[in-house]
Amino acid sequence: MKFITLSALSLLLWSSCTFTDKSSTILPIYGSREPVTKTVNGKQVTDTLYQTIPDFKFVNQYGKTINRKSLDGSIYVADFFFTSCPSICPIMHRNMLQVYQTFKNSGNIKIISHSIDPSHDSVPVLKNYADKLGVTGNNWWFLQGQKEATYKLAESYLVAVQEDSKAPGGFVHAGYFILVDKQKQIRGTYDGTKPDEVDKLIADIKTLQNEPANMIAQ
Amino acid sequence: MKVSIITGLLTLIICMVYSCQSEDQIEYMRYYTAGQDLYKTKCQNCHGAQGEGLAALIPPLTDSVYLKANNAKLACYVQNGLKLPILVKGKAFNGQMPPAGLSPIEIAQVLTYVKNSFGNQMGLYNVQQVGKDLGKCD
C-alpha cells in the first residue's frame, strides 16, 4: 500500500515537473486574434490570425529612416520613453542596458525605444542620449517621428501613452518592455522598472531564439 | 548588602554612560533610516540602488571627494535642482536634475543617508546645518 502511494506521488511530481518545463519553452501570443476561414483543396479550413505590429516610419538616432521592414528577421524589444523624463525612464534604461549588453553580439536581437516627446527629442538629442548611455552600432535604436503616429503605434503594443501637464515631465506612460517575435507578434510584456521582470525578459528572448521556425508558423 | 549597593551603582553609571553615548547615535540612525526611505522614492530611479548613477547620463553618488568638496551646496542642489555641468569621478555631467520637492528636515535626512552610504562616511547632517546651507543658495 505504502509503495503504491509513494510511486503515485512520485509520478505526480514527475508529471508536474515536465508540465512546467513544457510551458516555459513556449511563450504565449498576445493581442487580439480572429478566425479566418479559407478553402484549401475543396475543404473549409479555419485558421487563427494573430495580431501583429502594423507598419510605421520613424527616424533613428543616426537620422536613418526605420520602418517595419527594418526589423524583418529580428526578435526585438520595444519601449516608450523621452530623454527628459524625470520619473521612470532612467530606471527603465538602466535595466534595458542589461538586455543590450546580453545580446549585443547576437545579430538578430534589436531594441527600439520610441520617444513620445519628438518636439524635444530631435535626432541630435537622441544621438547624444545614446552616446551617453554607451550605446553604439545598430542593436538599439532610439526613434522619433510624428507624435500622433507614435501614440497610435503604442496602442498596437498594448501600451498606454498620454500627454498630461500635471505628470512629472509632462507625459504619463507605463514602463513596459514589449517582446516581439520575428513574425511581429507580441510574445511578452515586462515591467521595465523591475529587475526581476527584466531577468525574465532576457530568459524569454533566449527561449524565442531557440523556437523552431515551423512552430511559429502555426 | 555592600556588594549589591556597589553593583547597583555600577549598573547606574554604565547605563548613564551608555545613554549619553547613544543619544547622538540614535539621532543619526533616525535621520539615516528616514533618509533611506526618501532616497528610494525620490532619488533611486535615477541615481540607482547602489548610488551608481546611469552611464554618462546621471552622476553616481559614490564620489566622496566631490561630496566633501561641495558639502555646503548639496542641500541647495536637492532643493532647487541642478543645471550646471559638474565633474564627478573625472567625468563631466551636463544634464538637469529636477528639484526634489523635499522639506528642510527631509533634505537633512536624505543627505545623511547619501553621505553615509555607497562608501561615503560623513556622519550626521542635521536640519540646523541644512537651514544654514540653504540660506546661502545661489
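Two exercises with worked solutions follow, on a predicted model.

Residues are numbered from 1 along each chain as its sequence is written, and chains are lettered from A in the order in which they are written. Local features need pLDDT of at least 70, side-chain atom pairs count only at pLDDT 80 or more, and totals for chains, interfaces and linings use all residues.

**Exercise 1.** Find where N60(A) lies, and decide whether N60(A) is buried or exposed.

*Solution.*
1. Helices (H or I, at least four residues) and strands (E, at least two) are DSSP runs, numbered from the N terminus. N60(A) sits in the loop between β3 (57-59) and β4 (65-67) of chain A.
2. A residue is buried with 20 or more other C-beta atoms within 10 Å of its own, exposed with 12 or fewer, and partly exposed in between; C-beta atoms are placed from the backbone. N60(A) is buried because it has 21 C-beta neighbours inside 10 Å.
3. Contact requires C-beta atoms, placed from the backbone, to lie within 7 Å. Beyond four places in sequence, N60(A) is in contact with I66(A), W141(A), F142(A) and L143(A).

**Exercise 2.** Give the strand order of the open five-stranded sheet in chain A, and name its edge strands.

*Solution.*
1. Two strands pair if DSSP finds at least two bridges between them. The order is β7-β6-β5-β10-β11 (chain A), with mixed pairing.
2. β7 (140-143) and β11 (186-191) of chain A each pair on one side only, so these are the edge strands.
3. Strand β6 (residues 109-115) of chain A runs parallel to β7(A), joined by four bridges. In this pair, I111(A) stands opposite W140(A).

Note on methods
Two residues are in contact if their C-beta atoms, placed from the backbone, lie within 7 Å.
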